[in-house]
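This report examines the salt bridges of one protein model. Its sequence and structure are shown first.

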Amino acid sequence: MLSLHAAQQRHPGRTRAPRIGLAIAGGGPIGAMYELGALRALDEACDGLDLTRLDCYVGVSSGAFFAAGLANRMDTAELCRIFITGESDDVVFRPETFLRLATDEYLRRAVAFPKLAARLTRDMLSGRGDSRWSDIVTRIGGLVPTGIFDNAGVEHFLREVFTRRGRSNDFRKLERPLYVIGVDLDSGEAVRFGDAGWDSVPISRAVQASAALPGLYPPVEIRGRHFVDGALRRTMHASVVLERDVDLMLGINPLVPFNPGTDAYADAQAHRFSDRRIAEGGFPGVISQALRTMLQSRMQVGLARYPGQYPHIDQVVFEPNADNRELFYTNIFSFAARRRISQLAYRNTLADLRKRRDELEPVLARHGIRLRADVIADRPRSIIAHLPSQARSTETTAILDRALDEIEHRLRTDKRAQARGMV
């Protein structure tokens, strides 16, 4: 599903090269794999679009890693090798790193139990408190861990990735602006890591904080403040990109509420649950639908408002189709389905580009982007089969290749600027 808001006005007299920004929302492991498939489709289908050299990146929760990776010039082919095929010669991805029980948190809470139990018993016998049962519930709640899984391994994994092969774990050393959004748990304030005053926080730590979904991962302490998932405030934080004076904003949101439509119920019995009764799936189905509905509705409110606030900016946002059962009924925290979900996103995105081609082409052309007819053609296409071959490299050769690639890019940029009469 594609949302297109073409600019209502053009910047008068603007002659500089078009500026493009990317906003990527969160969505847990499944949402991340959907985002990767969509990013790979855009990378292949859009000639003139270099996702590793955009003018601004903002990432929220699971989307923050891809934003940080792209800002570090990790292309979508390499990201696919890391997370889908496991064939990267640089990064070894192990799902269990993200799903380790927070044993230290459990032990810390358990140690406090005897003291809390003794104090609670004393207070109950003395008759303190207006409501004994509510007092019990409140106090016992303090023994419940703040997160099921430990996210220290997440930060370590990211730190390893961003400190090798010429990449950087420092916002200030990146060639292009990157913003990672976290929410202060105590105040509810959204913080832009990478912005002035917060750019000294390591990127790996910022992403860890942005992805700390309450209940799943414990809050991340930074400078004495506790941060959790950035999606608690806004779904995609697209305004961060729009405020950077870009000409085109690309957005990806992987979570939408499931809605099969009125013609899709005939084969409902063939599915795990009746589409009309999500509640029959129990707590996972209910919480998934509630989360998806909340996140998408908030984003739609923002997208409806942004054209009036930023009339000079073209906005294109990619989302899953609402009637996709496979995406909805896949465990939102599953890593095992990553190849299947990324392939689904890849094909959905190509199909959106094909179906909306007539509307999209003039908009994209304003920014030097052309759709490749051979890629978006209406035929089966595999995200894996079309990955380019990988040349094995060492730390040294990877850094050298990175430097040579940057020189070539600058030469091409200078030629285009000369053609426009800008230099």
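Across the whole of this predicted model, the search identifies 23 salt bridges. Three of these pairs are set out below.

| Pair | N to O distance | Relative accessible area |
|---|---|---|
| Arg165 and Asp89 | 3.6 Å | Arg165 12%; Asp89 21% |
| Asp314 and Arg366 | 2.8 Å | Asp314 0%; Arg366 36% |
| Arg357 and Glu361 | 2.9 Å | Arg357 29%; Glu361 28% |

The side chains of Arg165 and Asp89 form a salt bridge. Because Arg165 lies in the loop between α7 (152–162) and β5 (178–184), and Asp89 in the loop between α3 (76–85) and α4 (103–111), the pair ties together parts that are 76 residues apart in sequence. Arg165 is buried, whereas Asp89 is partly exposed. Both residues also belong to a network of salt bridges that links them with Asp90, Glu160, Arg164 and Arg167.

A second salt bridge joins Asp314 to Arg366. Asp314 is located in strand β10 (residues 314–318) and Arg366 in the loop between α13 (357–365) and β11 (370–371), so this contact ties together parts that are 52 residues apart in sequence. Asp314 is buried, at 0% relative accessibility, while Arg366 is partly exposed.

The salt bridge between Arg357 and Glu361 lies within helix α13, where the two residues are 4 positions apart and therefore separated by about one helical turn. Arg357 counts as partly exposed, and Glu361 is likewise partly exposed.

Key: Residues are numbered from 1 along each chain as its sequence is written. This is a predicted model: local features need pLDDT of at least 70, side-chain atom pairs count only at pLDDT 80 or more; totals for chains, interfaces and linings use all residues. Side-chain values use heavy atoms; hydrogens and water are left out. A salt bridge is a side-chain nitrogen of Lys or Arg within 4 Å of a carboxyl oxygen of Asp or Glu. Buried means under 20% relative accessible area, exposed over 50%, partly exposed in between (1.4 Å probe, protein chains only).
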